[in-house]
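Good morning, and thank you for coming.

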Amino acid sequence: MATLGSTQNTYLFPFVKPLAHGIMPFMAIWEEPFEKILEESVRIHGHLCAGQVLGVRLALLGLRLIGIPDPRGQDRKKFLVYVEIDRCATDAIQSVTGASLGKRSLKFFDYGIMAATFVNLETGRAFRILAREEARELAERYAPGIPDKYKRQLEAYRVMPEEELFEVQEVRVPISEFDLPGRPKRRVRCERCGVYVQDGREILEEGRILCRPCAQGGYFQLLSQS
Ligand SMILES: [Zn+2]
Ligand SMILES: [Zn+2]
């Protein structure tokens with residue numbers, strides 16, 4: 001019980017922040033001090049790395065492009081973020097935007113590409129931002145004299161102009177009603193194994209409703225069942 005009590009106390013801390021914020025005029029997230037935003041991302045991710053710096057900058061650019069100044073406050077239901085890689089920068093993007101898988105505001109497409117797309121649900125405007133490969137080499141110019149390659153990239157990514165760090169594509173993202181936050185639109189039962197499948201993810205095969213593992217094979221192999 002003592003442990004639980006102290007955990008609850010630490011959770012009181014974040015609630016103090018909005019009060020402190022309330023005194024100041026509203027500030028778009030991209031106008032806030034970069035180091036403060038980075039610090040929070042590092043806390044959530046567990047370490048400071050080039051990916052955190054890159055991810056924070058990418059997320060701030062994305063939010064600015066789609067016009068979402070308060071992603072974790074009043075704008076939290078107005079946008080979606082699509083990430084294309086499960087690497088360090090993705091945690092930073094999550095931390096800055098507040099988007100998450102559980103809230104359905106974060107979508108993961110496993111492309112292995114250092115890129116993310118930001119969609120404004122009200123305007124439909126969307127931008128895909130890719131980390132430029134050349135930025136790795138340019139780090140030498142922006143942070144000379146740092147022998148370690150990764151430390152050099154980390155420092156360079158703090159100061160490098162956005163145009164040199166990122167390529168921006170304006171895109172259109174067709175979004176299914178089954179992908180949006182909110183209550184599940186459909187819930188059906190797999191006719192082979194009996195599990196329930198939500199959000200239109202079932203597969204129709206010769207007139208039968210199947211879950212994906214039954215229809216296409218899963219990422220797992222069943223050893224035993226109890
Ligand atoms: Zn990392
Ligand atoms: Zn099934």
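**Exposed and buried places in a predicted model**

Let me begin with Glu206, which counts as exposed because it has 5 C-beta neighbours inside 10 Å. Glu206 lies in the loop between β8 and β9 (208–210). Its phi is positive, about 45 degrees, although Glu206 is not a glycine. For background, most residues other than glycine have a negative phi.

A second residue of this kind is Asp199, not a glycine either, with a positive phi of about 60 degrees. Look for Asp199 in the loop between β7 (196–198) and β8 (203–205). Is Asp199 buried, partly exposed or exposed? It counts as partly exposed, because it has 16 C-beta neighbours inside 10 Å.

The mean pLDDT of the protein chain is 90, and 89% of its residues reach 70 or more. Where pLDDT is low, the predicted coordinates should not be read in detail.

We now turn to the sheet. Five strands form an open sheet in the order β2-β1-β3-β4-β5, and the pairing is mixed. Which strands are at the edges? They are β2 (106–108) and β5 (166–171), each of which pairs on one side only. From one strand to the next, the twist averages 20 degrees. Strand β4 (residues 126–131) runs antiparallel to β5, and six bridges join the two. Within that pairing, Leu130 has Glu167 of β5 as its bridge partner. Helix α3 (residues 50–66) packs on the sheet, where it touches β1, β3 (115–120), β4 and β5. The direction of α3 makes about 160 degrees with that of β4.

Within this sheet, please find Tyr82, in strand β1 (residues 79–83). Tyr82 is buried, because 21 other C-beta atoms lie within 10 Å and the cut-off for a buried residue is 20 or more. What is Tyr82 in contact with, leaving aside its neighbours within four places in sequence? The residues are Lys107, Phe109, Ala116 and Thr117. Consider Ala116 in particular: Tyr82 and Ala116 are 34 residues apart along the chain, yet their C-alpha atoms are separated by 5.4 Å.

Next come two helices. Helix α4 (residues 88–97) is largely enclosed by the rest of the structure, because ten of its ten residues are buried. Among them are Cys88, Asp91, Gln94 and Thr97. What covers the buried residues of α4? The cover includes α2 (34–45), α3, β1, β2 and β3. Just after α4 comes Gly98, with a positive phi of about 75 degrees.

In helix α6 (residues 149–159), the buried residues include Gln153, Leu154, Ala156 and Tyr157. As a general point, an α-helix has 3.6 residues a turn, so residues three or four places apart point the same way. The buried residues of α6 pack against α3, α5 (134–142) and α7 (162–165).

Thank you for your attention.

Definitions and conventions: Residues are numbered from 1 along each chain as its sequence is written. Chains are lettered from A and ligands numbered from 1 in the order in which they are written. This is a predicted model: local features need pLDDT of at least 70, side-chain atom pairs count only at pLDDT 80 or more; totals for chains, interfaces and linings use all residues. pLDDT is the predictor's confidence in each residue, from 0 to 100. Helices (H or I, at least four residues) and strands (E, at least two) are DSSP runs, numbered from the N terminus. A residue is buried if 20 or more other C-beta atoms lie within 10 Å of its own, exposed if 12 or fewer, and partly exposed in between; C-beta atoms are placed from the backbone. Two residues are in contact if their C-beta atoms, placed from the backbone, lie within 7 Å. Two strands pair if DSSP finds at least two bridges between them. Axes are lines fitted to C-alpha atoms, for helices over the stretch in contact, and angles run from 0 to 180 degrees between N-to-C directions.
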